[in-house]
Amino acid sequence: MAAEADPAAGEGGAALPGVHHRGWDESQLRQYPFPTRQIPRLSHADPRAEMLINNEEPVVLTDTNLVYPALKWDTAYLRENIGNGDFSVYISENHKFLYYDEKKMCNFENFVPKSRRMEMKFSEFVDKMHQMEELRGEDRVYLQQTLNDTVGKKIVVDFLGFNWNWINKQQAKRNWGQLTSNLLLIGMEGNVTPAHYDEQQNFFAQIKGHKRCILFPPDQFECLYPYPVHHPCDRQSQVSLTFTYVVKYELVSFFLFFRWHHIESLLSGGVTITVNFWYKGAPTPKRIEYPLRAHQKVAIMRNIEKMLGEALGDPHEVGPLLKTMIKGRYDQDFS
Ligand SMILES: O=C(O)CCC(=O)C(=O)O
């Protein structure tokens, strides 16, 4: 079962199927064959929201004002003000944008990425996106660029006006490490980021348009078959799946590190703009509590794969060695 947040539900209220005031309707959702349940949608001041974050459960926060000054952002405003830096733009021949780490491509020489990255100016991106919209073909673009010091003055002012007071308190309360980056994502309607997990905490602020986020808990590792750690698609699921929840304009969603998420910009919903806030997790606690939690076990597995890759000097030997270790030894019930 996947988790979803129903945008039609009010605070703790019941879903109202088919309501339209939410700004989208069911026909804009891709169809998937499995059930989902909704994740809570709460005010940031609601003690239940704090409790969920403390318990490392995802939640949609309705009123943090986290990116309030950015709510006016659209492609025209950004074109005018975002500066002349280079932007990473991914181009895909279908709607899926499966992430790959270019640094790991040397480990798998036959790997052919399903999308390609191009560096371009912001105005070139907007022109390319409009061309693709007009052509109505399968080709799509997705801008994914860390905000940096090349942005223009107005964007700096907007950025400084984010609700740092609230988010810094969140960071301090949970003993998280530093804010590592703010990624700006500008997507075309229908774009899909396939299921993956990240190793950092994430506040995901939706600025324009609607995105549907489908979450799976870290203990679904066995069902989602992530690529090997040394593969360019490390942390991405090899399974093509499908699930649900929708964040809309002005909502901030918190999802935890190691939590599987699949994200799609709604069909026929226009351009989507998101800024996320990635934080390093808290340091390992001095006293470890057992049994370990699912994400801690995933971290252990990752470390073992990394260590074996280094020790063996060849990432392709990791799988065979692990098989030799367990086959006929650990795969039976000795009780
Ligand atoms: O919004 C997207 O398409 C992907 C964003 C994402 O995966 C994240 O913020 O972790």
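Okay, so first, the model is predicted, so local features need pLDDT of at least 70 and side-chain atom pairs count only at pLDDT 80 or more, while totals for chains, interfaces and linings use all residues. Residues are numbered from 1 along each chain as its sequence is written, and side-chain values use heavy atoms, with hydrogens and water left out.

Let's start with the ligand. Which residues are around it? You'll find Tyr 142, Leu 185, Thr 193, His 196, Asp 198, Asn 202, Phe 204, Lys 211, His 261, Ile 263, Asn 276 and Trp 278.

Where does the shell come from? Strands E9 (192-196), E10 (201-208), E14 (260-265) and E15 (272-279) each supply at least two of its residues. Strands (E, at least two residues) and helices (H or I, at least four) are DSSP runs, numbered from the N terminus.

Now look at the oxygen atoms of the ligand. Thr 193 has a polar side-chain atom 2.5 Å from one. For Asp 198, that distance to a ligand oxygen is 2.9 Å, and for His 261 it is 2.9 Å. On its own the ligand exposes 290 Å², and the protein buries 96% of that. Those areas come from the Shrake-Rupley method with a 1.4 Å probe; for residues, only the protein chains shown count as cover.

Next stop, Asp 46. It sits in the loop between strand E3 (41-42) and helix H1 (47-54). Is Asp 46 buried or exposed? Buried, with a relative accessible area of 10%; the cut-offs are under 20% for buried, over 50% for exposed, and partly exposed in between (1.4 Å probe, protein chains only). The side chains of Asp 46 and Arg 48 make a polar contact of 2.7 Å, meaning a pair of N or O atoms within 3.5 Å; within protein, one must be able to donate a hydrogen and the other to accept it, and residues adjacent in sequence count only if both atoms are side-chain atoms.

Last, Ile 304. This residue is in helix H7 (residues 294-312) and is partly exposed, at 37% relative accessible area. Its C-alpha atom is 9.9 Å from that of Leu 322, 18 residues apart along the chain.

Key: Near = heavy atom within 4 Å.
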